[in-house]
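The sequence and the structure are shown first, and the description follows.

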Amino acid sequence: MGASVRLRMEDVTKRFGDFLALDGVTFEVGVGELHALLGENGAGKTTLMNVLSGLYRADSGRIWLDGQHVEIASPRDAVRRRIGMVHQHFELIPALTGLENVVVGRETSRWWFRRDREAGAVEALARRFGFTVALDVPVGALSVADQQKVEILKAIVRGVDVLILDEPTTVLTPQESDHLLATVRAMADEGLAVVFISHRIREVLEHCDRVTVMRGGRVAGSLAIAEATEAGLVELMIGERLARLESAGPRPAGEAIALRVEGLTVAGRGAVPAVRNAGFSVGRGEIVGIAGVAGNGQQELCEAIVGLRPAAGRVELDGRNVTGARVGARLDRGLLYIPEDRMADGILPTLSVAENLVLGLHRHVFTGRLGYDPGRAVAMAAAPIAEYRIAPPSPTAIAGLLSGGNIQKILIARALARGARTGTALLLAHNPSRGLDIRTTTFVRRCLVEASRAGAGVLLVSSDLDELLQIADRILVMFHGALVADLSAEAFDPYRIGRLMAGGEGG
Amino acid sequence: MKYLAAIGIAALAGLLVVLVMGGDPGSALGTFLWSSLGSLNGLSQTLNKTCPLLLGGLAVGLALRAGFFNIGVDGQIYAGAIVATGLALGAGGLPAVLLLPAVLVLGGLGGAALAVVPGVLRARWSVNEIFVTVMLNFVAAFLAEYLTTGPWNDPMAGEAISRLVPEGARLPMISERSGAHGGIVLALAFVLVVWLLLERTTWGFEVRALGSNPRASRVAGVRQARLTVTVFAMSGALAGLAGAVEVSALHQRLILGLTPGYGIMALLIAVLGKSRPPGVLVAALGMATLLVGSDSLQRSVNLPASAALVFQALIVLSVLFAEARRPAARGTA
């Protein structure tokens, strides 16, 4: 295996602003090798592959293909160099058939769509690798696993030497994953170099030839599967941990329950539910963390608790049943929500900072004759702008033009201000420090700790294990929509949690 | 500034058109200004024209602020006009103090009723409001055709028009001699009303939040379905009122062709005025001047009837071009 090197990326570095996403990464894949790229969220796996497929340009570093130095400046270059990538999020057109999706933009004849000719070529390709997928029905009607196959066919139809699969198994059932990986194996055996991005250790150990582990933008280790063990890989993925935030630590847990969830099930894409029979509770004064790799049902869980998404089961806030209640009614019961996607679910991009700060609070504040009072909104914004050091410090600035960190501060200030008015039963935060610099991150975590000290229950859903280890009193681990473990602070063992997050055993 | 440049470009292009048609640009411009702004009669005509354009522009603008496209202003104008005419013909015995306000209010409600249909469909089942409003335009127009040729037809006229509404249902004139009716006063009042609604009420704040980011406003607890329906109702009411005014003040009856595409012009007006009431006012005045002015060019300088449309299109394109050249405000996540 790996007798000759097909791909070599050498000393690749990539920055996004102040953030060092890739730090001198060197990575090699041999001909006919199925090579796993393993790491936590934000470790740099996808960034590295986006450099290879021409979506990003590296700040420095070199790429060799079959011993030849190449420049890859655009996705077009990558296609020309016979590099194909299947992205984590499908890029299929649901109304077109599988065949049409595969050949769109790369038809063999210029003017006419020669269905028979295209179909013959694609079907031959599918047969060669043992793909069983209906190519003549609209893609929207296919299962997720079959859509995945169409994506792969699309990537290889023009002929590739290097195939990159970015977390292709995340949305698949274990059986579907095994089937897919067997297919990928067959492609590697035909001489392709396959890069398989994953966070599931077991799949890697069972199917791959070699594994490279990334952590914090660097290569933590690269070894042949024969030398790899589950424990060893987890250790490479996780590395050293941050110290616990000094203000955290166990607090006397009160009797009162802030949030109780029973038998919560949320439908997902396809047949697999996004959340399966979740049950847990968060006490007042307690910080409960939900750990898990992104895409294991966390977003759906949050939205079901907030009331944005229909769900089966029961949700209680502060001892009162709010199952089926409107979002607003839940917020009025003292639920504060800091959504993960601040641009999509949080900010009003065209309105001012003051207007953003008052959203949600407006029905409580403006009770005058007409209601809304812009002067009052601006006046009210002064305190949070100063306290949270929002920049620029102007209440009339257009919120959409602020940086991500400042937008996040607005969302936190907005939530906590609402809590000050309605009382806070539960603060639900989903990846609240994602993409923030270290200072803002610490600030956000302190806000959560302080909310819990003030008697609120805090539910922190995070794919950053360090964040949870730093401030959570209890950690629940979410995998494939189910809560697979409930660990208290004394039992925090990053390796064990890492294994659980990757679908392994917790023993 | 940018808009002045755009209007300048359009005016230059307009003069070019006049030259090509063999007219004298100097006298054309003079006629244009005199007939739309300079003379008392012309000014009155411009103000009368402004009324439906302004109310329609406010209707479209209000919906746009919430992120909805109300392409159904024409239909809602007919709906308002039909309800207003029906009431005026049926309850003509009432004194003017009662009848006139009732005609205007019910006209508004008629427009609102028609607009609530796409509102509910959008709020409940996420049906695209563009299709529904466009389709309802046909429904309302055909209903107006049926009524003006059938039950309400004025047998003396031999056209698709209804009988005259009674005196008590007619909006007073500002100036009997020049023909300016009181609709413009109403329309101006609604500029203020809509501005107050949007900028000074909790409802308006939620409308603006919805238009800025529907997901985020939902996450913040805004009751979207209810808000959506009320936005459509309010938008339709403004258009319906425009219809009632056209009946009550201008034609004194329901006529087929009551709206020569005011709905589409309202769309342009709302876009040019950036959906803000003061901007909509300026755009509506400009559009009315253009319509009346080029109408007279047709008579005096012998320009074809469609010249007004050409000018309109030129101005709108110039402004949109100036708009598009400015980079849109975007978040820096």
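Two strands are said to pair if DSSP finds at least two bridges between them. The model described here is predicted.

**A first sheet in chain A**

In chain A, six strands form an open sheet with the order β6-β7-β8-β3-β9-β10, and their pairing is mixed. The edges are held by β6 (83-86) and β10 (218-224) of chain A; each has a single partner strand, so one side of each is left without a neighbour in the sheet. From one strand to the next, the twist averages 15 degrees. Within this sheet, A:L165 stands opposite A:F196 in β8(A). Helix α5 (residues 144-156) of chain A lies across β6 and β7 of chain A, and runs at about 165 degrees to β6(A).

**A second sheet in chain A**

In the strands themselves, A:L427 stands opposite A:V458 in β18(A).

| Strand | Partner strand | Sense | Bridges |
|---|---|---|---|
| β7(A), residues 162-166 | β8(A), residues 193-198 | parallel | five bridges |
| β17(A), residues 426-430 | β18(A), residues 457-462 | parallel | five bridges |

**A kinked helix in chain A**

Helix α14 (residues 374-387) of chain A has 14 residues and reaches 21 Å from its first C-alpha to its last, close to the 20 Å expected at 1.5 Å a residue. A kink of about 25 degrees lies at A:A381 in this helix, shortly before the proline A:P384. Both A:A381 and A:P384 are buried, as are A:A377 and A:I385 of α14(A). The cover over the buried residues of α14(A) includes α12 (353-358) and α15 (404-422) of chain A. After α14(A) comes A:R389, whose phi is positive, near 50 degrees.

**Where the chains meet**

The contact takes 31 residues from chain A and 24 residues from chain B. On the side of chain A that touches chain B, α10 (327-332), α11 (342-346) and α13 (362-365) of chain A each supply at least two residues. The most comes from α11(A), with four residues. By class, this side of chain A has 19 nonpolar, nine polar and three charged residues.

**A residue of chain B**

B:V247 lies in helix α10 (residues 224-251) of chain B. Is B:V247 buried or exposed? B:V247 counts as buried because 30 C-beta neighbours lie inside 10 Å, where 20 or more are needed. Leaving aside residues up to four places away in sequence, B:V247 touches B:A81, B:A84, B:T85, B:V165, B:R253 and B:L254. B:V127 is 120 residues apart from B:V247 in sequence and 32 Å apart in space, C-alpha to C-alpha.

Methods:
Residues numbered from 1 in each chain as written. Chains lettered and ligands numbered in written order. Predicted model: local features only at pLDDT ≥ 70, side-chain atom pairs only at ≥ 80, totals over all residues. Buried ≥ 20, exposed ≤ 12 C-beta atoms within 10 Å, placed from the backbone. Contact = placed C-beta atoms within 7 Å. Nonpolar A, V, L, I, M, F, W, Y, C, P; charged D, E, K, R; others polar. Expected span 1.5 Å × (residues − 1). Bend = angle between axes of the 7 residues up to and from the residue. Axes fitted to C-alpha atoms, helices over the stretch in contact; angles between N-to-C directions.
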